[in-house]
Amino acid sequence: MITRTVSKNPRTTRGDLVNDLQRAGTKVTKATISNTLRRQGLKSCSARRVPLLKPVHVQARLKFAREHLDDPEEDWENVIWYLATGDSYRTISFSYRVGHATVAVIVREVAGAIWTALVEETMPVPQTEDWRAIAAGFQERWNFPNCVGAIDGKHVVIQAPANSGSLYFNYKATHSLVLLAVVDAQYLFRVVDVGGFGRSSDSGSLRNSAFGESLRDGSLQLPPDTVIPGAERLGLLPHVLVGDEAFPLLDNLLRPFRGRQLTRERRMFNYRLSRARSGRPVKMTARAQRRMLNEVKKNPRVSARDLKKSLAHANISVDESTIRKTLNKNGVHGRTPRRKPLLSRKNIAARLKFAKEHLDVPQHY
């Protein structure tokens, strides 16, 4: 009943579930509901605050609504349910009593229309001033001048399409699509390209993408070459993207030097470049995880608050929620200690009688 209610309304709170179960004659606590949902793979989260729409966004959404005013309600239900839950087409077709091929066509058409209507609002193509602002962010936060973004690829695991051969088979021995993305100094996506074959490397995905073509022919509208303060002797230098060793070396794309026997200048360059393209720092390092798991093994009744204090003594600052997530990933789940009832007078008398009868029994007994 709990799982079914949450599936129908993902924004249901634990208090709502407690009230529903009480009406059905079942009395449970919020902690029990949390543990039950966690075992089913459902986790709670806070609702994200959505910023207010600007007038241009209101007009764009109003135009989209008018263009799709006559679309059947069932089409929207299918698409929203698919995007919200990630269920398979067959599951959705069974829920709404339509063919799974029909669901596939509906989802593809409506999702494409949503993307077309909102792409200029949510992810517009960066212009010269946008690139210049990104470069200023990298200079201020990561001390890397003339950097307009960090680029990298991500393999998204999929089920291989029929008769696709080895197109989607990657070096990790799975089938995948490649997500190629450029982020700014605040880890925000500024350019994305989705759909590259899994067999392609990061360099191949960039070469075959529209973004890579624009990067090669110089149509990205990057800011003009500038002089870096403190390096005037080098003259005008271009604005660049930073990537790892899998990407090619281009006029507007830098990669680290290869090899181990590097000069001090090259090691320093690799450090600066890697620092500029590094992701959000990991709070729970491998060392901190080992320390925490060892403490849990020694004392299974230790709480997340105690673990937080213990890690703080080792100069590791993490939140209690991070500790719980890390323990769950390692197969350690929190439990509420069972309350043992107090002894009744009958039990006390029985134990006292047993102790008196065995008072003179030898110690080796």
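1. Overall make-up. The protein chain holds 15 helices and 7 strands. Its radius of gyration is 29 Å, well over the 21 Å that the globule rule gives for 365 residues, so the chain is more spread out than a compact globule. The model is predicted. Along the principal axes, the C-alpha trace spans about 95 × 65 × 45 Å.

2. Surface and burial. Of the 365 residues, 28% are buried. The accessible surface comes to about 26600 Å². Carbon and sulfur atoms account for 53% of that surface.

3. Contact range. Take the contacts between residues at least 6 apart in sequence. Of these, 49% join residues at least 24 apart.

4. Sheet layout. Five strands make an open sheet, and the order is S3-S2-S1-S6-S7. The pairing is mixed. Strand S3 (189-197) and strand S7 (253-254) are the edge strands, each pairing on one side only.

5. The antiparallel part. Strand S1 (residues 147-157) pairs with S2 in the antiparallel sense, over 8 bridges. Here Gly 153 stands opposite Leu 180 in S2. S2 also pairs with S3, again antiparallel, over 7 bridges. In that pairing Val 178 faces Gly 196 in S3.

6. Burial of S2. How many of the 8 residues of S2 are buried? The count is 6, so S2 is largely enclosed by the rest of the structure.

7. The parallel part. Strand S6 (residues 240-242) and S7 run in the parallel sense and share 2 bridges. Leu 241 stands opposite Leu 253 in S7.

8. The hairpin and Tyr 187. The hairpin of S2 and S3 has 5 residues between the strands. Tyr 187 takes a positive phi there, near 65 degrees. Check this residue together with the ring pair in the next point.

9. Aromatic pairs. The count comes to 3 aromatic pairs. One of them joins Trp 142 and Tyr 187: the ring centres are 6.4 Å apart and the planes stand at 70 degrees, so the pair is edge-to-face. The cut-off for edge-to-face is over 60 degrees, and ring centres must lie within 6.5 Å. Trp 142 belongs to helix H8 (residues 128-142), while Tyr 187 sits in the loop between strand S2 (176-183) and S3. The two residues are 45 apart, and the pair links distant parts of the chain. Both Trp 142 and Tyr 187 are buried.

10. A second ring pair. Phe 257 and Phe 269 also form an edge-to-face pair, with 5.4 Å centre to centre and 65 degrees between the planes. Phe 257 lies in the loop between S7 and helix H11 (264-277), and Phe 269 lies in helix H11, so the pair ties together parts that are 12 residues apart in sequence.

11. Ser 203. Ser 203 is placed in helix H9 (residues 202-208). Its relative accessible area is 17%, so Ser 203 counts as buried; the cut-off is under 20%. Which residues does Ser 203 touch, leaving out those up to four places away in sequence? They are Ala 246, Phe 247 and Pro 248.

12. Leu 118. Helix H7 (residues 100-122) contains Leu 118. Its relative accessibility is 24%, so Leu 118 counts as partly exposed. Leu 118 touches Arg 61 and Met 123, not counting residues up to four places away in sequence. The C-alpha atoms of Leu 118 and His 57 are separated by 8.4 Å, although the two residues are 61 apart along the chain.

13. The UniProt domain. UniProt, in an unreviewed entry, places the feature "domain: Transposase Tc1-like" at residues 1-70 and 289-360. In the model, the span 289-360 is 60% helix and 0% strand. The end C-alpha atoms of that span lie 51 Å apart.

Definitions and conventions. Residues numbered from 1 in each chain as written. Predicted model: local features only at pLDDT ≥ 70, side-chain atom pairs only at ≥ 80, totals over all residues. Heavy atoms only, no water. Pairing = 2+ DSSP bridges. Helix = DSSP H or I, 4+ residues; strand = E, 2+ residues; numbered from the N terminus. Buried < 20%, exposed > 50% of the residue type's maximum accessible area, 1.4 Å probe, protein only. Contact = heavy atoms within 4.5 Å. UniProt positions renumbered as here; feature names shortened; annotations may be inferred. Phe/Tyr/Trp six-rings, centres within 6.5 Å; stacked < 30°, edge-to-face > 60°. Rg over C-alpha atoms; globule rule 2.2 N^0.38 Å. Areas by Shrake-Rupley, 256 points an atom, 1.4 Å probe, with all protein chains shown as cover.
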